[in-house]
Amino acid sequence: MSDTPITVVVVDDHPLFRRGVVELLNDSEQMTVIAEYDNAEALLDNIENTYPDILLLDMQMPGKSGLGVLKQLREHDNQLKIIIITACNEQDKLLEALRYGANGYLQKDTPPDEILSQLMSVLHGNVAMNAGAVTSLASHLRDNKEDENSPSNAILAHMTERERETLFYIAKGLNNKLIARELGISDGTVKVYVKSLLRKVNLHSRLELAAWAHRNLSAELLDKEV
């Protein structure tokens, strides 16, 4: 691992929670907080000067919400890793965050060690979500599964076997290196499959692709052990 710490910006309007997260990250060996803000406007005014590796963003704040900030940033920046952190447990908010391009969605009662591991996983191409959020997402998408004549099933039918295998492992949360190991191929080949999948499904991010897989792959397949 590089000696350069991972930079994080924390945005949350609750001082005690924000201070706790900042201390947690600064006390870790891998991360350092380069800025903290208590409102969205302050973040947007300073993001170019304090551009981090990871943005940890509260969903509900006075003024512009975290989702509003996420949507605004994604209009011109798809590279920044943005993780929504919230006390809200509403399924529609989770889905909205994913549609806007969040790289993760964590509850504020997430254990400290898990927060650190989830943030690290995002930098390796994974999606940061608590087990409860994953279950909620899968439940929603399966409840809204399209019929066998849907366009999604036509897309699945036109995927190669390797692309479908790659899609399965993306849905399981594996990064490219782990997928390559499972399939016995190179990281570069996995990247080619991921780009092809995004093009075929007409999506823009790995997170959207994982959500699409949970909607369109069978429950039996998704429940299979990796």
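**Close-up views of a predicted model**

View 1. Lys108 is found in the loop that runs between strand S5 (104-107) and helix H5 (112-123), helices (H or I, at least four residues) and strands (E, at least two) being DSSP runs numbered from the N terminus. This is a predicted model, in which local features need pLDDT of at least 70 and side-chain atom pairs count only at pLDDT 80 or more, while totals for chains, interfaces and linings use all residues. Residues are numbered from 1 along each chain as its sequence is written, and side-chain values use heavy atoms, with hydrogens and water left out. Because its relative accessibility is 19%, Lys108 counts as buried (under 20% relative accessible area, with a 1.4 Å probe and protein chains only). Its side chain is joined to that of Asp12 by a polar contact of 2.8 Å (a pair of N or O atoms within 3.5 Å, one able to donate a hydrogen and the other to accept it; residues adjacent in sequence count only if both atoms are side-chain atoms). Leaving aside residues up to four places away in sequence, Lys108 touches Asp12, His14, Phe17, Asp58, Ile85, Thr86 and Ala87, contact meaning heavy atoms within 4.5 Å.

**View 2. Helix H11 (residues 206-216).** Of the 11 residues of H11, 10 are buried, so the helix is largely enclosed by the rest of the structure. Among these buried residues are Arg206, Glu208, Trp212 and His214.

**View 3. Residues where H9 meets H10.** Asn176, Lys177, Ile179 and Ala180 in H9 meet Asp187, Val190, Lys191 and Val194 in H10.

Methods:
Buried means under 20% relative accessible area, exposed over 50%, partly exposed in between (1.4 Å probe, protein chains only).
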